[in-house]
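Subject: Structure handover and findings

Hello,

Here is the structure I promised to pass on. Please open it alongside this note; what I found follows below.

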Amino acid sequence: MNVRRIFEKIIENWPAKVLAVVLAIILSVFHQISTLVEDSFSIPIKIENSGYLVPAKPYQKIVRVTLRSDEKNINSVDRADIEVYVDLLKITEPGSYKMPVLVRKTGTAVGVDPLEININPAEIEIDLEYKMTKYVPVTPNFRGYLESGYEMVSYTLDPSQVEIEGPQSIITSVTGLSTDYIELTGRKSNFVTTSRILSTDPLMVVRGSGVVEFRGSIQELIMIRNFEQLPISVIGLNSRFAAKLSITQGAVRIEGSQNALENYTPMGSVLSIDCSNIEHTGTVTLPVAVAVPLQFELIRYEPMEVTVTIEPNHGDTRE
């Protein structure tokens, strides 16, 4: 009898009691929801594939991740422990595919409950082609000019070629890569520098460090210059004599650095004949001597000898 009364008490006004319980649950849920916080951040998508197929066109590489949980859980999750990826491992043929963006929890994100993770966009479209690899040469990309009067006579790049890989349609068309700018402005001596290798397409991968070492050899520009109508001087002649030359002017051809030769003006006796051994009047043939600065190299000169007529110097007043 007591049991029956208890049961009757329980079911007495049961709709109202059920409604009260439901309302309590709803209020509890709303309370929990109202205490949840959000944290949004952007992270790159990882592409997981077999290695035979690679993206052939630009695709969505960054997604927005939103974490939703209570403040304690949100603060405990390291953002680096949330990974997003696209699984292409089961795809074996080239083509265009619409793939879901998946989430992987690691480290501090594992076991956190509640933890709601939303991805925007939730899927991406990606075109796939067969992967291709090959070696291509690297060429330097210069900027500026060397110091005036200097030239680069040789250079080396290490490495001189690199391996590239990517979708077949892109790699097939690549015949070589260039470096970032190598500055030449004001240089006048050998130098060593490093420079990045520039990729021609974001879907192409350059294997290795992506950097080359450049060694340049620089030297002064060499030029040849002719100097003509240079007077031939007579030196060492006794004052009792006078000399008449069959040729009074000559020319020299010299080689040297461009800067030095452009600024050189012959001074003094560039061409001369030595008459210090002359003791009698008459006609003699004497060699022509040449004097040019040591920084230059004499290529040739003319005349190489001159006929000289030695006469008494009537202007000499000595006894």
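Start with Leu298. At 31% relative accessibility, Leu298 is partly exposed; that class lies between buried, under 20% relative accessible area, and exposed, over 50% (1.4 Å probe, protein chains only). Leu298 sits in strand S21, residues 297-302. Strands (E, at least two residues) and helices (H or I, at least four) are DSSP runs, numbered from the N terminus. Leaving out residues up to four places away in sequence, Leu298 touches Val252, Arg253, Ile254, Val290 and Val292. A contact here means heavy atoms within 4.5 Å. Gly256 is 42 residues from Leu298 along the chain, with 9.1 Å between the two C-alpha atoms.

Some ground rules. This is a predicted model: local features need pLDDT of at least 70, side-chain atom pairs count only at pLDDT 80 or more, and totals for chains, interfaces and linings use all residues. Residues are numbered from 1 along each chain as its sequence is written, and side-chain values use heavy atoms, with hydrogens and water left out.

Confidence

pLDDT is the predictor's confidence in each residue, from 0 to 100. The protein averages 88, and 87% of the residues score at least 70. Residues 27-31 stay under 50. For that stretch, the model has zero contacts beyond four places in sequence.

Overall picture

The protein has 22 strands and five helices. Of its 319 residues, 29% are buried. Among contacts with a separation of 6 or more, 72% are between residues 24 or more positions apart. The accessible surface comes to about 20,300 Å², and carbon and sulfur atoms hold 52% of it. Areas come from the Shrake-Rupley method with a 1.4 Å probe; for residues, only the protein chains shown count as cover.

Five strands form an open sheet with mixed pairing, in the order S6-S4-S1-S3-S7. Two strands pair if DSSP finds at least two bridges between them. The edges are S6 and S7 (116-120), each pairing on one side only. From one strand to the next, the twist averages 35°. Axes for such angles are lines fitted to C-alpha atoms, for helices over the stretch in contact, and the angles run from 0 to 180 degrees between N-to-C directions. S4 and S6 run antiparallel and are joined by four bridges. Val84 has Val103 in S6 as its bridge partner.

Salt bridges

How many salt bridges does a search of the whole structure find? The count is 11. The criterion is a side-chain nitrogen of Lys or Arg within 4 Å of a carboxyl oxygen of Asp or Glu. Side chains of opposite charge can pair when their charged atoms come close.

- Lys46 and Glu83 meet at 3.5 Å, N to O. This pair links distant parts of the chain, with Lys46 in S1 (residues 36-48) and Glu83 in S4 (residues 82-87), 37 residues apart. Lys46 is partly exposed at 42%. Glu83 is buried at 18%.
- Arg104 bridges to Glu48, with the closest N and O atoms 3.0 Å apart. Again the pair links distant parts of the chain: Arg104 is in S6 (residues 102-105) and Glu48 is in S1, 56 residues apart. Arg104 is partly exposed at 27%, and Glu48 is partly exposed at 23%.
- Asp180 and Arg196 meet at 3.1 Å, N to O. Asp180 lies in S11 (residues 177-183) and Arg196 in S12 (residues 191-196), 16 residues apart. Asp180 is partly exposed at 24%, as is Arg196 at 48%.

Which residues are linked in a network of salt bridges? They are Lys46, Glu48, Glu83 and Arg104.

Two more residues

Asp113 is in the loop between S6 and S7. It is exposed, with a relative accessible area of 66%. Its C-alpha lies 9.2 Å from that of Asp70, and the two are 43 residues apart in sequence.

Gln258 is in helix H5, residues 258-262. Is Gln258 buried or exposed? It counts as buried, at 19% relative accessibility. Beyond four places in sequence, Gln258 touches Gly149, Leu221 and Met223.

Best regards
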